[in-house]
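Please examine the sequence and the structure shown below.

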Amino acid sequence: MIKSDFHVHTSFSTDSDTPAREQIEALINKGITEICITDHHDIGYTAMEKADVNTSESTNTNIESRPFRINPFAYYEAILGLIPEYSDRARISIGVELGLRTDYHHSIEDFAEVCAWDFIIGSTHVVNGLDPYYPQYWEGKSKQQGIMEYYEATLANIRKLDCFDVYGHIDYIVRYAPNQRENYSILDYKDIIDEILKLLIQNGKGIECNTAGFKYGLGVPNPENYVLKRYHELGGEILTIGSDGHKPEHTAYAFDKVPAILESCGIRYYTIFHDRKPIMLPL
């Protein structure tokens, strides 16, 4: 059984309404004993109006006016204050999910240093100023072009920024591509995927197995099995497991599927982080 969830959002994230305590309680009730809260901090990102998108997890009515940023000190102190309360049932770690962008790289690198984080996820949420979540991203471009631009932005982020431990949901783009996985093959992008994975490994970075892909109806995690296996084949060893849950019912989502997926990729260990240091746990 997987015992850690290292991608969890709370009401500190713009797209979640769930207090941290509720997320922690839900995870403990599911048998999770290593929990890392990783709320969003996306410098330069302001949410547009989310107009009737069925994948939206939040019930916030004014989300369009709120930036995707946290006050790091208030956030850190709030989570830190919960740690003693749960010390006999779970280890609570304090992390952050940084939205990576080359145009804000100095500010992002500086933010990573403001608190003693246990863990930092780096993610691509914005390409050329737009999140693929929004239909506007896809206007005037083919599905293949939109996907390739996303992977190119991811590669550029990895080349420019070094302030993270693992790269989050590498194929995030597929969640919001037109018709998702229909007429999509990861093999069409295998060369740039290899570049991304090789550079991550070279830089000592890991990837995550993000189970929200199942929640979004993809039938696979993010990234899909091919990418997980290829990371392992290329010599990658650091792999965290996270639900990307914004609500209690989405924490540790589909974790029962993970061991078989990882074992089929030749992976026998997964990773947690304490004080930005990786710790390997057997499946």
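What volume does the second largest pocket have? The volume is about 160 Å³, counted as the space filled by probe spheres set on grid points that are joined across faces, edges and corners. A pocket is an open set of points on a 1 Å grid over the protein atoms alone, where a 1.4 Å probe fits, with protein on both sides within 12 Å along at least five of seven lines; lining residues have an atom within 4 Å of a point. The model is predicted: local features need pLDDT of at least 70 and side-chain atom pairs pLDDT 80 or more, while totals for chains, interfaces and linings use all residues. Residues are numbered from 1 along each chain as its sequence is written, and side-chain values use heavy atoms, without hydrogens and water.

Among the residues lining this pocket are Tyr231, Glu237, Arg268, Tyr269 and Met280.

Met280 belongs to strand E9 and stands opposite Thr271. Strands E8 (residues 269-274) and E9 (residues 277-282) run antiparallel and are joined by six bridges; strands are DSSP runs (E, at least two residues) numbered from the N terminus, and two of them pair if DSSP finds at least two bridges between them. In their hairpin, with two residues between the strands, Asp275 takes a positive phi near 55 degrees. Strand E8 is largely enclosed by the rest of the structure, because five of its six residues are buried (under 20% relative accessible area, with a 1.4 Å probe and protein chains only).

Across the protein, buried residues make up 57% of the 283 residues. The C-alpha trace spans about 50 × 45 × 35 Å along its principal axes.

Key: Buried means under 20% relative accessible area, exposed over 50%, partly exposed in between (1.4 Å probe, protein chains only). Helices (H or I, at least four residues) and strands (E, at least two) are DSSP runs, numbered from the N terminus.
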